[in-house]
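I opened the model to look up a few things and wrote each one down as I went.

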Amino acid sequence: MFDFMNNPTVALIVATVVKGALLIVILLTAFAYMTLIERRVVAKIQGRLGPNRAGPMGLFQPVADALKMMFKEQMIPSQARAGIYVLAPVISVVVALCAFAVVPIGNNWSANSGVHSIWDPFIGDINVGLLWILSISSLSVYGIVLGGWSSGNRYSLLGALRSAAQMVSYETSLGLALSGVLMWAGSLSMVTIVHRQLDMGIWYICAQPLGFVIYIIAAVAEVNRAPFDLPEAEQELTAGYLTEYAGLRWSLFQMAEYINMITVSAVASTLFFGGWSLFGLTDGIPILSIVIFMIKVAFFLFLFIWLRATLPRIRYDRLMRFGWQVLLPLAALNIVITACTVALGGDRFWWISGVAGLLVVVVMLFAIRRQGILEGTHFSEVETGKPVLPHSVRLVTYEQEPELEQDEDSAPSVSQPPLARNSNTVQV
Amino acid sequence: MATNQDTEFQAEFSGTSEGIKTQEMLLNMGPQHPSTHGVLRLIITLEGETITSCTPVIGYLHRGIEKILENRTVMAGIRYMDNSDYLSPMLNETAYAGAVEQEMGIEIPRRAQYIRLITNELQRIASHLVGIGTYGMDLGTTTPIIWAFRDREGILSMFEALSGSRFNVNYMRVGGVLHDLPKGWLDECSTFLDKLEKNMVEMDGLLSGNEIFMSRTQGVGYIDPQQALAYGLTGPMLRASGINWDLRVNRPYMAYREVAVNPIVRQEGDCFARYYVRLQEITESIRLVREGIDKLPGGPISVRTPIALRPPRGETYFAIESSKGELGVYFISDGSEYPWRAKLRGPSFVNLQIVPELLRGHKMSDAIAILGSTDIVLGEVDR
Amino acid sequence: METALPVFIYVTLAILFGLLVMAVTGFLGPKKPSPEKLAPYECGIQEIAAPKRRFPVKYLLTGMLFIAFDIEIVSFYPLAILLHQLKLFGLLELLVFMAVLMVGYVYVWRKGAFTWE
């Protein structure tokens, strides 16, 4: 029955189609439940309940949402460029899905890096894996910009412009921050990077703390999440590029955003936290590696939610300045530190770049804080209750004495007759 | 009315935007917009992200409250004051009742004065909570508003116990208040205040110490003291600019003659100062409520007033320190049961005037920060 | 090719999924357009002036900067990967590369490309 599987190419195609379909389903499910979890977690933080009506603990809420979204009326605004308007959300979500192709979700089924099978838990181990993710995530700006531009609404346009500038600015820092990892790993393949971490016996977070910090900040900005969620800044731009979208098209954009979030979390855990590995726990049981990987990704996703519940939105010009003037030089510094360690020391001296990077992080934390103080964020305590009027103003303070102009006929008695408690004011 | 206005603006703005600066972009904020705090409409001209001009359009919430007051007896009119500044009905009612009392020359019983003080300060807390919470919302964080509404809920429940209504309380009466405090209300109030105090420390930690919050509010929307006076600002807006002017202190009324208020003054004059004044005023109000509870005397809660309340012929102006600033009622009576005229001096309306001046030259995202920091209520602006 | 084929298949699947959703949006849901409904959202007010579909030139500058830096990053990656083998020579080359990059960066900074006032 399965004779065609003997042909390696056909088998590969069949396996990939199955795995790919499975991955897409998993990502969509993850997106759906991510929205639920986000709402529940934010609700917990804010002292609310969150959606808990649909099914036990609100588990069917995503289903209800999806059904509602599907049967919403889809319209094309009169000012929109219809073709691009319809295509933009699709571009967004396709690009978001594609980026995940090279991420290893778990160990080889043989638990041996040398023995590969077509059913290994990743789509393709291409040797430019990281470059693939970077280039694909650069494309994700297209969906947003085209969507905003084609809507024919100025909120959308402004949101799209902001989004383009923001994503583009943080893309550079993101790329530079990752090159530190590349120096240690010596490969762009995600699978190899994980195995290199196993060989070295450390997670790259130890050798690359600065790179990790830069990456995670840039990644939050890259996926347009709080506190960098300016493109959809509700308060300034109603909903940014999403303003004119409704129903399934709107949820495609949301889907893209959440899948991007999952992707950057997956990349962070792969590059800096050893991917699916956990102190050799996965050697015997490959299926455990998938669980471990999911837990690591879930941690980063929780971080995203946590940030959203806590932080206000950063201002646009500061966002751009931060990206270009702080993150970019820091990423360059990280490269120099790492390059020196790698070229002169080698694998055994990973702690040098680790300590140096950590030092830079700490110094920067103080520096940013201090710069804030210099710029005037310091808030001096002012003595209260002291009159501080300008000299030109003179205020008259007086004890209020209501002047009575009593007319004979209508003035009520000022004297207070004894009243029982709880009596109404008007005599009945 | 609206269409007429629109064509006017259309003519005016198409002229400028087609002219010299091709990059200018016209942005219409409101009336249905998440961050204009009601139905305010701002027509903003942008160059890139910088605001070059701003025109506020008001009147979308006009209900003719002043006219309604003229057509109601004085007692019946009190209820309509609730809808003016719908975030602080107790204060509105106090202003109106106080104006009539001043016109009639009534000195209300001390117990009523203290009940008014307690309810007014609670209302001030509730209003400031909304102000702070929505301000956090304006700056893109969703948690403060939920926390603020959680605390405000306690105050509204207490008002419900007091007057039977959470929102449109209809509690003040000319000559006193409607009901005496229910049994156990004061204990409940004290427990609530203890909890609120803890929650405010939490809120302070969440917002005030936040780097992003500080960077977005400090040094933004600076109003210097002269400007603040020239625009007639009052309340936290004025005190944040370093001018120590609080009607509870400078022109004390009712129980404030016996209870000392420490006005909260800050020198910075920026958005953060305005926010922080509100936050500290909550603490101050908590103290005042406690003091009011301690000093609460016995005795009647109201003077006896005739059924047909006829304020004497004449006019008077009575102002209280509302949560937003000086809330004044200019009351003219022709001797009948109906006020001949009741003019409200709504602090929100006066405070809104400075917004176009403040916005010019700022970033679009600062516009939200500045508008939020004025803490206007459109119910009071449009009346 | 053997390693890239799965990725291409996956991309095709993703595109198919996108097209499927696009098709689904075409026939699900009611269709009752009206001029008011199709009018762009303008905060509940009829529109003042049609938006211009032009970008301020500032964004172009950011775009150009991005292209410059991103290409440099891409050309930098091979060097980073081979640094293990190149040792000191690679390090020197990398430092020279970074120096050149930083010269350009400082130039752009001094020209005021990063000020967003």
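A helix here is a DSSP run of H or I with at least four residues, numbered from the N terminus. I note that the model is predicted.

Entry 1, a helix in chain A. I looked up α10, which covers residues 247–272 of chain A and has 26 residues. From its first C-alpha to its last, α10(A) reaches 37 Å, close to the 38 Å expected at 1.5 Å a residue. Just after α10(A), I noted Gly274(A), which has a positive phi of about 70 degrees.

Entry 2, domains. Chain A is divided into domain 1 (1–67) and domain 2 (72–374). I read 20 Å between the centres of domain 1 and domain 2 of chain A, taken over C-alpha atoms. How many residues are in contact? In chain A, 18 residues of domain 1 touch 13 residues of domain 2. On the domain 1 side I listed 12 nonpolar, 4 polar and 2 charged residues.

Entry 3, a sheet in chain B. I traced 3 strands in an open antiparallel sheet, in the order β6-β7-β8 (chain B). β6 (314–321) and β8 (339–345) of chain B stand at the edges with a single partner strand each, so one side of each has no neighbour in the sheet. From one strand to the next, the twist averages 15 degrees. Between β6(B) and β7 (residues 326–333) of chain B I found 8 bridges. Gly314(B) has Ser333(B) in β7(B) as its bridge partner. Finally, I saw that helix α4 (residues 89–104) of chain B lies across β6 and β7 of chain B, at about 145 degrees to β6(B).

Technical notes:
Residues are numbered from 1 along each chain as its sequence is written. Chains are lettered from A and ligands numbered from 1 in the order in which they are written. This is a predicted model: local features need pLDDT of at least 70, side-chain atom pairs count only at pLDDT 80 or more; totals for chains, interfaces and linings use all residues. Helices (H or I, at least four residues) and strands (E, at least two) are DSSP runs, numbered from the N terminus. The expected span of a helix is 1.5 Å times one less than its number of residues. Domain bounds come from an automatic or database domain assignment. Two residues are in contact if their C-beta atoms, placed from the backbone, lie within 7 Å. Ala, Val, Leu, Ile, Met, Phe, Trp, Tyr, Cys and Pro count as nonpolar, Asp, Glu, Lys and Arg as charged, and the others, Gly among them, as polar. Two strands pair if DSSP finds at least two bridges between them. Axes are lines fitted to C-alpha atoms, for helices over the stretch in contact, and angles run from 0 to 180 degrees between N-to-C directions.
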